[in-house]
Amino acid sequence: MAVRVQGHVVDVFLDGLRTLPAEDLTGRAMRIAAGAATFNLRCAAESLGYGTWFGLAPYPEEPDLLARIVVEPTGARNEELRALAVQIPHRHTDRQPSDDGPLAEDVRVALMHAAYAEGAELTRLGEPEIHTVLEMVLDTDLREIRDWHRRAERAHWVGGERTTEGIPSSALGPRSTSYPATVRDLAAQPLDRMRQETTFEAHPDVAVLSTVYDEPADQVTAGVALERVLLTATRMGVSASFLNQPLEFEDLRRKVQHLTQRPGHAHMIIRFGRSRPGPHTARLPVADFLPTKEQS
Ligand SMILES: Cc1cc2nc3c(=O)[nH]c(=O)nc-3n(C[C@H](O)[C@H](O)[C@H](O)COP(=O)(O)O)c2cc1C
């Protein structure tokens, strides 16, 4: 994702240097990630005393422009977005085991409202549906064994010590003693496959984030809603990690949506838990998101 700031207009673009052609051929995951960044930008503007309005994928003839945010002075403070802005530095994917037991009802409702407020839907799965997702995870692992392109791509972005880009070994979390597991093992390098093993919670809280349609703008919407859900979770002491393997194959993605018993298109499978402090993925310096003078 790249950002261009012109006066009070902030444009969010696809970043052609950081694509995942094997895992994300259509760019859906990148649009989700850019949507998440768009929500962060809105929260940040709010925390500085500005309001925002925005359009998602505003020009079909310019497919790389994913969102245009217009920042303007405002008299009315949006306290909710200001409170979520505080959580931005604290939000991280958490692949550690969580305590067992469901999330409190008020937390679940707050997470559902967060998705709904941005035009998406968050549906909690029951135990039989989670079991079906795990069967799909097994299926995706079997499909990946033959896919060297996918494995090479993951090895490029995951593992080792990383201070700017990609996911470092330290953020992978422990391996699960059970298989298939409700935490994704992104390990791609031999040393990472020998990480310490641990038992994960037996009854995880798993939910699917969906939108009614699946146009590029809907995928950006899913990202905006995702970030609102994740920042709300962080604020309530709730951790999140993802189990999206089935969503990377269209046939399984349709089945995941079917499990929610709602019409629409699944974008994220999220495992919620209780936060524990753990290692995090480092952030790119802000300057790396902004085009250089020659590019702009
Ligand atoms: C569309 C999308 C799908 C993702 N799917 C997964 C996933 O299935 N499993 C996982 O562990 N992380 C997944 N990630 C999370 C990334 O790995 C995460 O952004 C990365 O670990 C950076 O860490 P952070 O969340 O702490 O910023 C996904 C991210 C995006 C944007």
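1. Which residues in helix 3 meet helix 6? On the helix 3 side they are Ala 110, Leu 111, Ala 114, Ala 115 and Ala 117. Their partners in helix 6 are Ala 225, Arg 228, Val 229, Thr 232 and Ala 233. By class, this contact of helix 3 with helix 6 splits into 8 nonpolar, 1 polar and 1 charged residue. Please keep in mind throughout that this is a predicted model.

2. Now the geometry of that pair. Helix 3 covers residues 105–117 and helix 6 covers residues 216–235. Their axes are 8 Å apart, and the packing angle is about 150°. Angles over 145 degrees count as roughly antiparallel, and helix 3 and helix 6 are therefore roughly antiparallel to each other. The crossing of helix 3 past helix 6 is right-handed.

3. Helix 6 also packs with helix 1. Here the axes come within 6 Å and cross at roughly 50°, which makes helix 1 oblique to helix 6. This crossing, too, is right-handed. Helix 1 brings a list of residues that includes Arg 28, Arg 31, Ile 32, Phe 39 and Asn 40. From helix 6 come, among them, Pro 216, Gln 219, Val 220, Glu 227 and Arg 228. The classes in the contact of helix 1 with helix 6 are 10 nonpolar, 6 polar and 4 charged.

4. On to the domains. The assignment gives domain 1 as 2–89 and domain 2 as 92–274. Their C-alpha centres lie 22 Å apart. The contact takes 22 residues from domain 1 and 20 residues from domain 2. On the domain 1 side, the elements giving two or more residues are helix 1, strand 4 (65–73) and helix 2 (79–87). Helix 1 supplies the largest share of that side, with 10 residues. By class, the side of domain 1 that touches domain 2 holds 15 nonpolar, 4 polar and 3 charged residues.

5. Where does the ligand lie relative to the two domains? It lies between them, because domain 1 and domain 2 both give residues to the shell around the ligand. Of the 15 residues around the ligand, those that come nearest are Ala 29, His 92, Thr 93, Phe 242 and Asn 244. Two elements give two or more residues to this shell: helix 1 (28–47) and strand 9 (238–242). The largest share, 3 residues, comes from helix 1. In terms of class, the shell has 7 nonpolar, 6 polar and 2 charged residues.

6. Finally, two backbone details to look at. The peptide bond from Tyr 179 to Pro 180 is cis, with omega near -5°. Pro 180 sits in the loop between strand 6 (175–176) and strand 7 (197–198). The other detail is Ala 57, which has a positive phi of about 40° although it is not a glycine. Ala 57 belongs to the loop between strand 3 (50–56) and strand 4.

Key:
Residues are numbered from 1 along each chain as its sequence is written. This is a predicted model: local features need pLDDT of at least 70, side-chain atom pairs count only at pLDDT 80 or more; totals for chains, interfaces and linings use all residues. A residue is near a molecule or strand if its C-beta atom, placed from the backbone, lies within 6 Å of it. Helices (H or I, at least four residues) and strands (E, at least two) are DSSP runs, numbered from the N terminus. Ala, Val, Leu, Ile, Met, Phe, Trp, Tyr, Cys and Pro count as nonpolar, Asp, Glu, Lys and Arg as charged, and the others, Gly among them, as polar. Domain bounds come from an automatic or database domain assignment. Axes are lines fitted to C-alpha atoms, for helices over the stretch in contact, and angles run from 0 to 180 degrees between N-to-C directions. Angles under 35 degrees count as roughly parallel, over 145 as roughly antiparallel, 65 to 115 as roughly perpendicular and the rest as oblique. A crossing is left-handed if the near helix is turned anticlockwise from the far one by less than a right angle, and right-handed if clockwise. Two residues are in contact if their C-beta atoms, placed from the backbone, lie within 7 Å.
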